[in-house]
Amino acid sequence: MADHQLPFEKPIIELRNKITELKEFTNEKGIDLSGEIEKLEGRLEQLEKDIYGNLTPWERVQIARHTKRPTTNDYINRLFTDFMELHGDRLYGDDKAIVGGIGKFNGVPVTVIGHQRGKDTKENIKRNFGMPRPEGYRKALRLMKQAEKFSRPVICFIDTKGADPGIESEERGQSEAIARNLLEMAGLKVPIICIVIGEGGSGGALALGVGDKIYMLENSTYSVISPEGAAALLWKDSSQARRAAETMKITAPDLSNLDLIDGVIPEVRGGAHRNVDEQAANIRQIIESSFDELGKLGKEELVSQRYNKFKKIGEYGSVNGINTMV
C-alpha cells in the first residue's frame with residue numbers, strides 16, 4: 001500500500017511502518033515491547049481519525065482517483081449473483097468503458113450498468129480510462145429498455161472523468177447519445193438507483209445518473225468539470241486544481257448539503273480500497289433500503305416522483321422576461 005500512498009497519508013504510513021518494525025524486532029530479539037507498541041497503535045488510531053475525519057475537498061478528490069479504488073466490476077462480484085454481462089449497442093460495437101448485464105440482488109433479477117476503469121495501464125487503454133464512447137451509452141440504454149420490458153430494477157454505478165472527447169466519438173453522435181439517455185431514463189418505468197463510486201464527471205456521468213435515488217460514496221466527487229479543467233478556465237492555470245476543488249462543491253458532503261443527492265454512503269476509514277468487502281456491505285444496505293421504498297410505488301408514480309425530484313433542483317427566476325435557472 002505504501003506505493004499508492006497519498007501525500008496527506010504520509011504521517012500515517014510512517015507510524016504504521018514504525019509499529020511494524022517494533023513487532024519484527026520483538027519477534028527477532030525476543031524482547032517484550034508490547035507496551036510501546038500498544039501506545040503507538042493508540043496514537044495511530046487517533047491520527048487516522050484526525051486525518052480521515054477532516055479531509056479537504058482536494059484530498060477527497062485524490063481518494064476518488066486512487067489507483068486501487070474499487071471499480072464497478074469489484075462491486076458486481078460482491079453484490080450480485082448469477083451475473084451475465086451483455087455486450088454491444090446493436091448499432092456500432094461494444095464499448096468496454098461501460099459494463100452491463102443481468103444478475104440477481106438478494107434473489108431478485110436486476111439490470112446492472114456502470115462505468116469501468118482499468119486497474120493498470122494495459123487495462124486502462126482497453127477501457128479507454130473509463131471514458132465511454134457513444135456506443136457505450138447506447139449499450140447502457142439498450143439494457144435499460146430491456147430492463148423496463150421485463151420489469152427489472154436498474155442499478156447504475158458511476159465512475160468516470162467524463163465522456164470520451166475524441167473526434168470519432170463526436171462523429172458518431174456523442175452528445176446525442178448522452179441526451180437520449182437523459183430523456184429515456186427520465187421516463188423509465190422501473191426503479192433506478194444510481195451510485196457514484198469514484199469520479200462523477202460531467203455529462204459522461206449524468207448519462208447514467210437520472211435515477212429515483214442518487215447516492216455517493218463518502219469520498220467520491222460529482223461535478224460538471226474536473227478541478228483541473230475548472231482551474232484552467234477560471235485562472236488559466238490547471239495547477240490551481242486544489243483551489244478549484246475547494247470552491248466547486250463537488251464532494252459528497254457538499255452535494256448532500258445542497259440536496260442534490262439522496263444520501264452519502266459511509267466509506268471504510270482511509271477509503272473504499274482499504275476493505276472492498278466492507279464497502280460493498282455498506283452499499284448493499286443502501287440498495288436494500290432503496291428497493292424497500294421504491295418497490296411500494298407504481299410505474300406512473302415512479303416517473304412522476306422522478307420528474308419532481310429533478311424539477312426542484314436549483315433556483316429559478318426571470319431574466320428579461322425569460323424563465324431561467326439563477
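Which strands each supply at least two residues of the lining of the largest cavity? They are strand S5 (192-201) and strand S7 (221-223). Helices (H or I, at least four residues) and strands (E, at least two) are DSSP runs, numbered from the N terminus.

Before going on, a word on the source. This is a predicted model, where local features need pLDDT of at least 70 and side-chain atom pairs count only at pLDDT 80 or more, while totals for chains, interfaces and linings use all residues. Residues are numbered from 1 along each chain as its sequence is written, and side-chain values use heavy atoms, with hydrogens and water left out.

Now the terms for spaces. On a 1 Å grid over the protein atoms alone, a cavity is a set of points where a 1.4 Å probe fits but cannot get out. A pocket is an open set with protein on both sides within 12 Å along at least five of seven lines, and lining residues have an atom within 4 Å of a point. Grid points are joined across faces, edges and corners, and a volume is the space filled by probe spheres set on the points.

By this rule there is 1 cavity of 30 Å³ or more. The largest cavity holds about 70 Å³ of space. S5 gives the most to its lining, with 3 residues. Among the lining residues are Arg65, Lys161, Glu199 and Thr221. By class, this lining has 3 nonpolar, 5 polar and 3 charged residues. Here Ala, Val, Leu, Ile, Met, Phe, Trp, Tyr, Cys and Pro count as nonpolar, Asp, Glu, Lys and Arg as charged, and the others, Gly among them, as polar.

Next, the pockets. The largest pocket has a volume of about 600 Å³. Of its 22 lining residues, Leu206, Tyr222, Leu260, Phe310 and Ile313 lie nearest its centre. Helix H8 (174-186), helix H9 (202-206), S7 and helix H14 (299-311) each supply at least two residues of that lining. It divides into 16 nonpolar, 4 polar and 2 charged residues.

The second largest pocket has about 300 Å³ of space. It is lined by 17 residues, with Arg65, His66, Thr67, Arg117 and Gly118 nearest its centre. Its lining has 4 nonpolar, 7 polar and 6 charged residues.

On to the rings. How many aromatic pairs does a search of the whole structure find? It finds 4. Rings of Phe, Tyr and Trp (its six-membered ring) pair if their centres lie within 6.5 Å; planes under 30 degrees apart count as stacked, over 60 as edge-to-face and the rest as tilted.

Tyr75 and Phe157 are stacked, at 6.0 Å centre to centre and 25° between the planes. Tyr75 is in helix H4 (residues 72-79) and Phe157 in strand S4 (residues 154-160), so this pair ties together parts 82 residues apart in sequence. Tyr75 is buried, at 0% relative accessible area, and Phe157 is buried at 0%. Buried means under 20% relative accessible area, exposed over 50%, partly exposed in between (1.4 Å probe, protein chains only).

Phe105 and Phe291 have ring centres 5.7 Å apart and planes at 85°, so that pair is edge-to-face. Phe105 lies in strand S2 (residues 98-105) and Phe291 in helix H13 (residues 276-294), 186 residues apart. Tyr75, Phe80, Phe105, Phe157 and Phe291 form one aromatic cluster.
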